[in-house]
Amino acid sequence: MKQLSNKKHALPKIAILMLRGLEGCGVTNYARHMQAFFRQEESTCDIFALMKITKSHVGRPDTSKDVDFIPFTYEERAETVARLNKYDLVLLFSVPPKSAFEAVQTYVEDIHRQINKPLIFINHDHHLISFSRNMRYKDAIEACDKVFCHSLQETSKGFVTWVKKHDVK
């Protein structure tokens with residue numbers, strides 16, 4: 001009989017990129033739990049959150065005071081990308097809202113396309129109402145190497161239907 005090893009398998013060193021900041025809802029909670037799992041496995045999972053991107057308050061960051069994250073401003077994007085490029089993998093959890101400051105309009109070119117590690121888009125939005133508020137959503141998705149969505153089921157206002165309708169590559 002084979003002896004099972006107690007040795008933990010090495011996980012990639014990952015960064016979670018949240019370009020909508022900490023919104024205090026499901027996306028932040030998913031990041032929190034992923035980070036906890038990686039830490040339990042004695043691996044690295046750092047959360048980077050873009051802050052101060054709109055005049056109005058986005059989400060409910062006050063519900064996420066326990067999240068260990070690295071805040072950055074749009075002005076610090078080059079330095080942040082340099083840090084992200086030291087990870088094995090970058091997971092994109094959110095993109096800026098359409099209400100973001102005009103300077104943020106170039107985030108796909110300034111951030112996504114400057115990342116030289118695999119960039120995986122994790123789609124958390126499941127309904128047209130949610131992802132229709134995302135700035136340059138198609139461009140953001142197409143700048144990633146892969147896309148992960150929680151369901152491939154086509155619904156009238158779902159992600160897969162939207163991707164097909166907008167001919168996302």
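The second largest pocket has a volume of about 200 Å³. Of its 13 lining residues, Ile141, Val147, Phe159, Val163 and Val168 are the closest to its centre. The model is predicted: local features need pLDDT of at least 70 and side-chain atom pairs pLDDT 80 or more, while totals for chains, interfaces and linings use all residues. Residues are numbered from 1 along each chain as its sequence is written, and side-chain values use heavy atoms, without hydrogens and water.

A pocket is an open set of points on a 1 Å grid over the protein atoms alone, where a 1.4 Å probe fits, with protein on both sides within 12 Å along at least five of seven lines; a lining residue has an atom within 4 Å of a point. Points are joined across faces, edges and corners, and the volume is the space filled by probe spheres set on them.

At least two lining residues of the second largest pocket come from each of helix H5 (137-142), strand S6 (146-149) and helix H6 (159-165). H6 gives the most, with four residues. Helices (H or I, at least four residues) and strands (E, at least two) are DSSP runs numbered from the N terminus.

The largest pocket holds about 330 Å³ of space. Among its 20 lining residues, Arg20, Glu23, Val27, Asp125 and Asn134 are the closest to its centre. Strand S5 supplies the largest share of this lining, three residues.

| Pocket | Lining by class |
|---|---|
| Largest pocket | eight nonpolar, eight polar, four charged residues |
| Second largest pocket | 10 nonpolar, no polar, three charged residues |

Here Ala, Val, Leu, Ile, Met, Phe, Trp, Tyr, Cys and Pro count as nonpolar, Asp, Glu, Lys and Arg as charged, and the others, Gly among them, as polar.
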